[in-house]
Amino acid sequence: MISAPQAAQLLGVDRNTLYRYSYVYDDFPQPVKIGRTVLYDPDTLRAWRRDPAIRKRPADSPSP
């Protein structure tokens, strides 16, 4: 498990973008919260980034 700053670095985005992804993309890997610490599974983040079939339409986008 990695911290939010490490997860953002892994995805090549800033921390605010990382948090925005969790609201915009229905299928974005959700973190595990331990107390106030937010942790992400790096393998799940890599899979989400690598496979466009995993990334679904953003939650607020209209259907075709």
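**Entry 1. Salt bridges**

I counted one salt bridge, taking the term to mean a side-chain nitrogen of Lys or Arg within 4 Å of a carboxyl oxygen of Asp or Glu. The model is predicted; local features need pLDDT of at least 70, side-chain atom pairs count only at pLDDT 80 or more, and totals for chains, interfaces and linings use all residues. Residues are numbered from 1 along each chain as its sequence is written, and side-chain values use heavy atoms, with hydrogens and water left out.

I noted that the salt bridge joins Arg46 to Asp43, with 3.0 Å between the closest N and O atoms. Both residues lie in helix α3, three residues apart, about one turn of the helix. Helices (H or I, at least four residues) and strands (E, at least two) are DSSP runs, numbered from the N terminus.

I then looked up their exposure, where buried means under 20% relative accessible area, exposed over 50%, and partly exposed in between (1.4 Å probe, protein chains only). Arg46 is partly exposed because its relative accessibility is 31%. Asp43 is exposed, with a relative accessible area of 52%.

**Entry 2. Confidence**

I read the pLDDT, which is the predictor's confidence in each residue, from 0 to 100. The mean for the protein chain is 85, and 80% of its residues reach 70 or more.

**Entry 3**

I traced an open sheet of three strands in the order β1-β3-β2, with antiparallel pairing. Two strands pair if DSSP finds at least two bridges between them. The edge strands, each pairing on one side only, are β1 (2-3) and β2 (32-34).

I found two bridges between β1 and β3 (residues 37-40); Ile2 has Tyr40 as its bridge partner in β3. Between β2 and β3 I found three bridges, again antiparallel, and Lys33 stands opposite Val38 in β3. β2 and β3 form a hairpin with two residues between them, and Gly35 in the turn has a positive phi of about 65°.

**Entry 4. Aromatic rings**

I recorded six aromatic pairs in the structure. Rings of Phe, Tyr and Trp (its six-membered ring) pair if their centres lie within 6.5 Å; planes under 30 degrees apart count as stacked, over 60 as edge-to-face and the rest as tilted.

The pair of Tyr21 and Trp48 is tilted because the planes stand at 45°, with the ring centres 5.5 Å apart. This pair links distant parts of the chain, 27 residues apart: Tyr21 is in helix α2 (residues 15-24) and Trp48 in helix α3 (residues 42-50).

The rings of Phe28 and Trp48 have planes at 85° and centres 4.8 Å apart, so this pair is edge-to-face. Phe28 lies in the loop between α2 and β2 and Trp48 in helix α3, so the pair ties together parts that are 20 residues apart in sequence.

I noted that Trp48 is buried, at 5% relative accessibility. Phe28 is buried as well, at 2%. Ring pairs link Tyr21, Tyr25, Phe28, Tyr40 and Trp48 into a cluster.

**Entry 5. A surface patch**

I located a nonpolar patch on the surface, formed by Met1, Val32 and Ile34, which together have about 300 Å² of accessible area. Patches are made of residues with over 30% relative accessible area and no salt bridge: like charges are joined within 9 Å, nonpolar side chains (Val, Leu, Ile, Met, Phe, Trp, Tyr) within 5 Å. Accessible areas come from the Shrake-Rupley method with a 1.4 Å probe; for residues, only the protein chains shown count as cover. Met1 lies in the segment before β1 and is exposed, with a relative accessible area of 57%.
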